[in-house]
Amino acid sequence: MSILPIVKYPDKILETTCDRVTHFDHELKNLLDNMYKTMIAADGVGLAAPQIGVSRQIAVVDTGGEEGIIELINPELITGSGEQIDVEGCLSFPGLYGKVPRLERVVVKANDRYGEEYTIEAFDYLARAIQHEMDHLKGILFTTKVIEYIDENDLEGMEEQ
């Protein structure tokens with residue numbers, strides 16, 4: 001497995017709608033493994049394929065919860081409810097943070113690495129992470145949804161509240 005370079009804004013691939021995955025092969029499995037390793041090395045909780053220069057509907061999420069590693073291939077939002085506002089950052093925008101409104105609960109349909117379709121229901125922080133990564137696959141950046149930017153130095157005090 002390899003750690004891949006993370007694409008930084010303003011690279012145009014970050015604002016591009018990604019192509020659906022149609023081949024569930026060994027190459028895809030290697031890409032997923034490398035994405036996960038890259039995300040962990042960068043201390044992230046999610047990583048989308050365009051963030052490593054690949055314009056395909058692939059993302060990985062691991063918030064440290066009991067769900068473990070979630071691989072989202074061709075994800076689609078089925079339903080969502082509620083609203084939450086919290087601070088987000090992005091590996092493609094180092095040092096930039098802002099408060100972003102998101103759905104509190106989501107139900108998402110996706111494929112796994114073998115092409116099998118599954119549905120996941122997520123709440124709170126996991127729902128936020130999944131929505132952030134799904135936005136990447138549509139070329140939508142969190143900066144377009146920020147309602148208030150937060151100085152990096154103020155983050156530590158906010159986490160203690």
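Guide: Of the chain's 161 residues, 43% count as buried (under 20% relative accessible area; exposed is over 50%, partly exposed in between; 1.4 Å probe, protein chains only). The model is predicted, so local features need pLDDT of at least 70 and side-chain atom pairs pLDDT 80 or more, while totals for chains, interfaces and linings use all residues. Residues are numbered from 1 along each chain as its sequence is written, and side-chain values use heavy atoms, without hydrogens or water.

First, the setting. In sequence order the pattern is α-β-β-β-β-β-β-β-α-β-α. The C-alpha trace spans about 45 × 35 × 30 Å along its principal axes. Take the contacts (heavy atoms within 4.5 Å) with a separation of 6 or more: 67% of them join residues 24 or more positions apart.

Now your pocket. A pocket is an open set of points on a 1 Å grid over the protein atoms alone, where a 1.4 Å probe fits, with protein on both sides within 12 Å along at least five of seven lines; lining residues have an atom within 4 Å of a point. The lining of the largest pocket has 25 residues. Val 87, Glu 88, Gly 89, Tyr 97 and Tyr 125 lie nearest the centre. Strand S4 (84–89), helix H2 (124–137) and helix H3 (155–160) are the elements that give two or more residues to this lining. H2 gives the largest share, with 6 residues. By type, the lining divides into 12 nonpolar, 7 polar and 6 charged residues. Here Ala, Val, Leu, Ile, Met, Phe, Trp, Tyr, Cys and Pro are nonpolar, Asp, Glu, Lys and Arg are charged, and the others, Gly among them, are polar.

Follow the chain past H2. Gly 139 sits in the loop between H2 and strand S8 (148–150). Gly 139 is buried, at 14% relative accessible area. Leaving out residues up to four places away in sequence, Gly 139 touches Leu 14, Glu 15, Thr 16 and Thr 17. From Thr 119, Gly 139 is 20 residues away in sequence and 23 Å away in space, C-alpha to C-alpha.

One more glycine to find. Gly 53 is in the loop between strand S1 (46–48) and strand S2 (58–61). Gly 53 counts as partly exposed because its relative accessibility is 42%. With residues up to four places away set aside, Gly 53 touches Val 7 and Ile 13. Asp 11 is 42 residues from Gly 53 along the chain, and their C-alpha atoms are separated by 9.1 Å.

Terms used: Helix = DSSP H or I, 4+ residues; strand = E, 2+ residues; numbered from the N terminus.
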